[in-house]
Amino acid sequence: MAQGVRCHANGARTGTPFQRAVWAALTTIAPDDTFSYGVLAAKLGCRRSVRAVGLANGANPISVVVPCHRVIGTDGLLTGYGGGIERKRWLLNHEAAAYRDRPARAT
């Protein structure tokens, strides 16, 4: 991860042009806000590219700088996160962002 931060700080470009566009859009999501993958795709002018946006989000090499945890499901529920759902939940709670949590499963 340190290499990714160092490359970002030096202006080195990684990823495809589409991935870089998604990563740039992620930086516009305020700390107390969340976007769904669909909203992010629409913001990029690619309404039908929801899955591609999700894949680009997941390929984010510097999640410390580019806040991919702020993207949630269309229904407001937490979706996958490379650092784990618990970490995503903690980050969103720390930022006071709104989301819906899945009910605990009965055991």
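Reply: One term to begin with: contact means heavy atoms within 4.5 Å. By that rule, and leaving aside its neighbours within four places in sequence, Gln19 is in contact with Ala56 and Ala59. Keep in mind that this is a predicted model.

Me: OK. Where is Gln19, and is Gln19 buried or exposed?

Reply: Gln19 is in helix H2. Gln19 counts as buried because its relative accessible area is 19%, and buried means under 20%.

Me: What does the side chain of Gln19 reach?

Reply: The side chain of Gln19 reaches the backbone nitrogen of Thr16, at 2.8 Å.

Me: Let me step back. How many helices and strands does the protein have?

Reply: The protein has five helices and two strands. From the N terminus on, the order is α-α-β-α-α-β-α.

Me: And how much of the protein is buried?

Reply: Of the 107 residues in the protein, 35% are buried. As for contacts between residues at least 6 apart in sequence, 53% join residues at least 24 apart.

Me: What about the largest nonpolar core?

Reply: The largest nonpolar core has 17 residues, and those with the most contacts inside it are Val22, Leu26, Leu40, Val53 and Val71. Helix H2 (17-26), helix H3 (37-43) and helix H4 (50-58) are the elements that give two or more residues to this core. H2 gives the most, with four residues. In general, nonpolar side chains tend to be buried together in soluble globular proteins.

Me: Which residues does Val71 touch?

Reply: Not counting residues up to four places away in sequence, Val71 touches Leu26, Ile29, Phe35, Ser36, Tyr37, Leu40, Asn57, Thr79 and Lys88. Another core lies apart from the largest one and has five residues, among them Ile72, Leu92, Ala97 and Tyr99.

Me: Different topic. What lines the second largest pocket?

Reply: The lining is Tyr37, Gly54, Asn57, Gly58, Asn60, Ser63, Cys68, Gly80, Tyr81, Gly82, Gly83 and Arg87. Three of the lining residues are nonpolar, eight are polar and one is charged. H4 gives the most to the lining, with three residues.

Me: What volume does the second largest pocket have?

Reply: The second largest pocket has a volume of about 210 Å³.

Me: Now the loop between H3 and H4. Where does Arg47 come in?

Reply: Arg47 is in that loop, between H3 and H4. Arg47 is exposed because its relative accessible area is 66%, and exposed means over 50%. Leaving aside its neighbours within four places in sequence, Arg47 is in contact with Ala41 and Ala42. The C-alpha atoms of Arg47 and Tyr37 are separated by 9.5 Å, and these two residues are 10 residues apart along the chain.

Me: You mentioned Ala42. Where is Ala42 found?

Reply: Ala42 is found in helix H3. With a relative accessible area of 25%, Ala42 is partly exposed. Ala42 and Val53 are 11 residues apart along the chain, and their C-alpha atoms are separated by 10.0 Å.

Me: One last thing: what phi does Ala96 have?

Reply: Ala96 has a positive phi of about 60 degrees, although it is not a glycine. Most residues other than glycine have a negative phi.

Me: And where is Ala96, and is Ala96 buried or exposed?

Reply: Ala96 is in the segment after helix H5 (85-94). Ala96 counts as exposed, at 60% relative accessibility.

Key:
Residues numbered from 1 in each chain as written. Predicted model: local features only at pLDDT ≥ 70, side-chain atom pairs only at ≥ 80, totals over all residues. Heavy atoms only, no water. Core = buried A, V, L, I, M, F, W, Y, C linked by side-chain atoms within 4.5 Å. Buried < 20%, exposed > 50% of the residue type's maximum accessible area, 1.4 Å probe, protein only. 1 Å grid on protein atoms, 1.4 Å probe; cavity = no way out; pocket = protein on both sides within 12 Å on 5 of 7 lines; lining within 4 Å. Points joined across faces, edges and corners; volume = space filled by probe spheres on them. Nonpolar A, V, L, I, M, F, W, Y, C, P; charged D, E, K, R; others polar. Polar contact = N/O pair within 3.5 Å; in protein donor to acceptor, adjacent residues only side chain to side chain.
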